[in-house]
Each structure stands twice: as C-alpha cells, then as structure tokens.
Amino acid sequence: MARRIDVTGTGGVRLAAWEFGDPPKTDPAGIDPAGIDPAAAHPTQDGQAGQAGQTGLDEQAGQAGAAPAPDASPGVLLLHGLMGRASHWAPTARWLSGRYRAVALDQRGHGRSDKPPQGAFTRDAYVDDAEAALEQLGLAPVVLIGHAMGALTAWQLAAKRPDLVRGLVICDMRASALGAASQREWDQWFKSWPLPFATLADVRKWFGEDDPWVERPNPARGEFYAEVMAESPDGWRPVFEPEQMLRSRETWVYDAHWEELAQVQCPALVVRGLDGELGRAEAQEMVRVLPRGQYAEVADAGHLVHYDQPEAWRAAIEPFLDALGHD
C-alpha cells in the first residue's frame with residue numbers, strides 16, 4: 001500500500017508524495033493513518049483504474065511534519081518522467097521499502113499534485129520542489145532515483161545540494177541538447193492523440209500499438225499511459241495538461257546538461273534500456289563526466305526501463321544500492 005503525504009513546493013504548489021510500505025505504528029510525521037482521502041472512493045476519476053490493482057495507492061492522507069527518528073530507515077525519493085506519476089514507481093518502491101523509507105513524488109503538473117494554470121514549469125521549479133519535499137519529509141541524506149525528466153531533476157538537485165544526496169540513479173535521460181525539432185515533434189505528437197478515448201482498452205491499444213511512435217507492439221507502454229488517464233463525461237483524457245508538459249519540456253531540450261553532471265559528488269549510476277532513448281556512447285560519456293559514475297544497461301527494455309522490465313531493472317540497480325550501504 002502507499003499513503004499520501006502532502007508537501008509544499010516552491011510558490012506554494014501542493015505536491016502529493018506517496019510513501020510505500022506499511023505505515024509505522026507510531027507515525028513520526030504526525031500523520032493520521034485513519035485519515036482517508038475521500039477521492040480514494042472514486043479511483044477512476046483520477047485515472048487510477050489504469051492499474052489500480054497493481055499500484056494500490058490507498059490515499060491515507062496527511063501533511064508532512066517533523067523528520068523521522070534518527071534510527072529510521074535511510075530515505076529514497078523516486079522521481080517520474082514527463083507525463084508520469086508516482087504510481088509508475090510502485091513495484092520499485094515496494095521492493096525498496098524493505099530497507100528504505102521509499103517515497104515517490106507526483107511532480108507539479110502531474111498525478112495528484114497541483115497543476116497551476118499560470119504556475120512555473122521551469123527547471124528551477126522542479127528542482128526546488130524536490131528539495132522542499134526532501135526537507136519536509138526528513139528523507140535526507142537520500143538516494144535519488146529518477147527516470148527521464150525526473151533523472152535530470154535528480155542530478156541537478158544532487159549538484160545543487162550535495163549535502164542532501166548520498167546516491168543517484170539516472171534512468172534513460174540524455175545530457176545532450178535535443179533541439180527545436182524535437183520540441184516541434186512533441187507538439188505534433190500531442191495533437192495526434194485521438195482524444196477523448198472511449199475506454200481504457202482504447203488507450204492501451206493506441207499507445208501500445210497504433211501510435212506512430214510505436215515501432216512494434218508494446219503492451220507495457222499501453223499500460224503506462226492508461227495509468228495517466230482520467231474518466232471525464234465524454235471519455236478518458238490525460239490527468240495532465242499537454243500544454244504544461246510542453247512548457248516543462250522546453251526548459252531543458254534546448255540546453256545540454258553536462259556541467260551539472262560534473263558537479264555531482266555522490267556515487268551515481270547511469271542506467272539505459274538497450275532500446276531506449278539514451279544511446280550507449282552518450283551514456284558512457286555521462287559516466288565519464290560524473291566524478292563517481294557507474295554504468296548499467298537492461299536488455300529488452302525501451303525508454304520505460306523500470307516499467308518494461310521491472311525484474312531486470314531491479315537486478316541492474318541492486319549492486320549499486322548494496323555498495324552505497326558501505327559508502
């Protein structure tokens with residue numbers, strides 16, 4: 001199960017954090033485990049029906065408070081990619097919860113966090129949000145695990161606040177600039193979505209088979225997008241605003257991010273799917289630039305490495321996490 005803990009990001013944006021594992025008998029953060037969020041009674045209104053049985057976000061809600069006791073498990077914060085949500089990390093987070101205080105964050109504009117129409121969707125905003133979450137949840141010094149955009153946020157935060165981060169896992173995110181053509185392609189891609197979808201089965205089929213960006217059928221991709229859909233009066237639509245996703249993306253695609261990589265002081269693992277968006281040569285250059293970089297790859301995985309191949313993903317990161325225990 002997962003309990004929801006609301007934290008406050010930069011500019012007062014409310015962020016939903018999800019702590020995985022059984023709630024402690026004595027809650028150090030002052031959270032009432034009996035405080036069930038009424039929204040949990042209507043999961044389809046927030047798209048939870050995409051994989052409600054797998055993720056089990058039970059919405060035991062509360063506010064972040066004091067840091068956990070000194071003997072609490074070390075913290076790990078998981079950051080999803082663009083268009084993702086905390087529940088995409090559920091299998092990883094549950095696995096980690098055996099030895100970590102495992103928390104996944106719905107970043108601004110995503111999941112059940114605020115989506116302010118005039119809010120900032122800059123790199124600074126995302127990084128500052130993650131920093132605020134770490135401090136309010138008492139997770140530091142933390143292991144940051146990020147996928148795609150979440151990985152960029154993770155390494156930028158590790159560079160900015162080395163005192164908060166003791167380990168970093170970067171999953172399938174490029175450090176090089178992608179350029180204006182990439183942003184135009186994404187704009188056109190959003191416009192190609194056949195919204196609204198009549199059913200979740202239609203969502204799974206389009207993103208797993210019919211989407212022009214799909215080279216071969218990919219059921220995991222269909223499930224990934226089903227999980228970010230919400231039922232509305234006319235059908236199923238994304239829980240995020242595509243315009244906000246484009247605004248988020250335009251703040252990193254025009255620039256390279258090698259400088260921040262070079263400033264990361266903690267051990268860092270770069271993980272790529274063999275069929276993902278991060279090429280081997282660039283991944284290995286990222287490892288070289290990182291002062292304490294390591295490399296791993298996952299066979300038969302695309303960009304959604306942790307979602308495509310959860311067991312192989314865990315096998316790839318486990319040795320790194322084990323070594324951190326002695327770092």
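User: Which residue in β10 does Val271 stand opposite?

Analyst: The model under discussion is predicted. Strand β9 covers residues 268-273, and β9 and β10 pair in the parallel sense over six bridges. Within β10, the residue opposite Val271 is Ala296.

User: What is the strand order of the open sheet?

Analyst: The open sheet has eight strands with mixed pairing. β1 (2-8) and β10 (293-298) stand at its edges with a single partner strand each, so one side of each lacks a neighbour in the sheet. From one strand to the next the twist averages 20 degrees. The order is β1-β2-β4-β3-β5-β6-β9-β10.

User: At what angle to β6 does helix α12 run?

Analyst: Helix α12 spans residues 310-324. It lies across β5 (142-147), β6 (165-171), β9 and β10. Relative to β6, helix α12 runs at about 160 degrees.

User: Which residue in β2 stands opposite Arg4?

Analyst: β1 and strand β2 (residues 14-20) run antiparallel and are joined by seven bridges. Their hairpin has five residues between the strands, and Gly11 takes a positive phi near 75 degrees there. The residue in β2 opposite Arg4 is Trp18.

User: How many of the residues of β1 are buried?

Analyst: Burial requires under 20% relative accessible area. β1 has seven residues and is mostly covered. The number of buried residues in β1 is six.

User: Are the rings of Trp189 and Tyr225 stacked or edge-to-face?

Analyst: Trp189 lies in helix α5 (residues 180-192) and Tyr225 in helix α7 (residues 219-226), 36 residues apart. Both Trp189 and Tyr225 are buried. Their ring centres are 6.2 Å apart and their planes stand at 75 degrees; because planes over 60 degrees apart count as edge-to-face, the pair is edge-to-face.

User: What is the angle between the ring planes of Phe207 and Tyr225?

Analyst: Phe207 lies in helix α6 (residues 200-210) and Tyr225 in helix α7, so this pair ties together parts 18 residues apart in sequence. Phe207 is buried at 0% relative accessibility, and Tyr225 is buried at 7%. The rings are 4.2 Å centre to centre and stacked, with an angle between the planes of 10 degrees.

User: Which methionine does Met83 touch, leaving aside residues up to four places away in sequence?

Analyst: With that exclusion, the residues Met83 touches include His110, Trp186, Trp189, Phe190, Trp193 and Tyr225. Trp186, Trp189, Phe190, Trp193 and Tyr225 are among the members of one aromatic cluster. Met83 also touches Val228, Phe240 and the methionine in question, Met245.

User: What share of the residues of the chain count as buried?

Analyst: The secondary structure of the chain comes to 12 helices and 10 strands. The chain exposes about 13,200 Å², of which carbon and sulfur atoms supply 50%. Of its 327 residues, the buried share is 54%.

How values were computed
Residues numbered from 1 in each chain as written. Predicted model: local features only at pLDDT ≥ 70, side-chain atom pairs only at ≥ 80, totals over all residues. Heavy atoms only, no water. Contact = heavy atoms within 4.5 Å. Pairing = 2+ DSSP bridges. Helix = DSSP H or I, 4+ residues; strand = E, 2+ residues; numbered from the N terminus. Axes fitted to C-alpha atoms, helices over the stretch in contact; angles between N-to-C directions. Buried < 20%, exposed > 50% of the residue type's maximum accessible area, 1.4 Å probe, protein only. Areas by Shrake-Rupley, 256 points an atom, 1.4 Å probe, with all protein chains shown as cover. Phe/Tyr/Trp six-rings, centres within 6.5 Å; stacked < 30°, edge-to-face > 60°.
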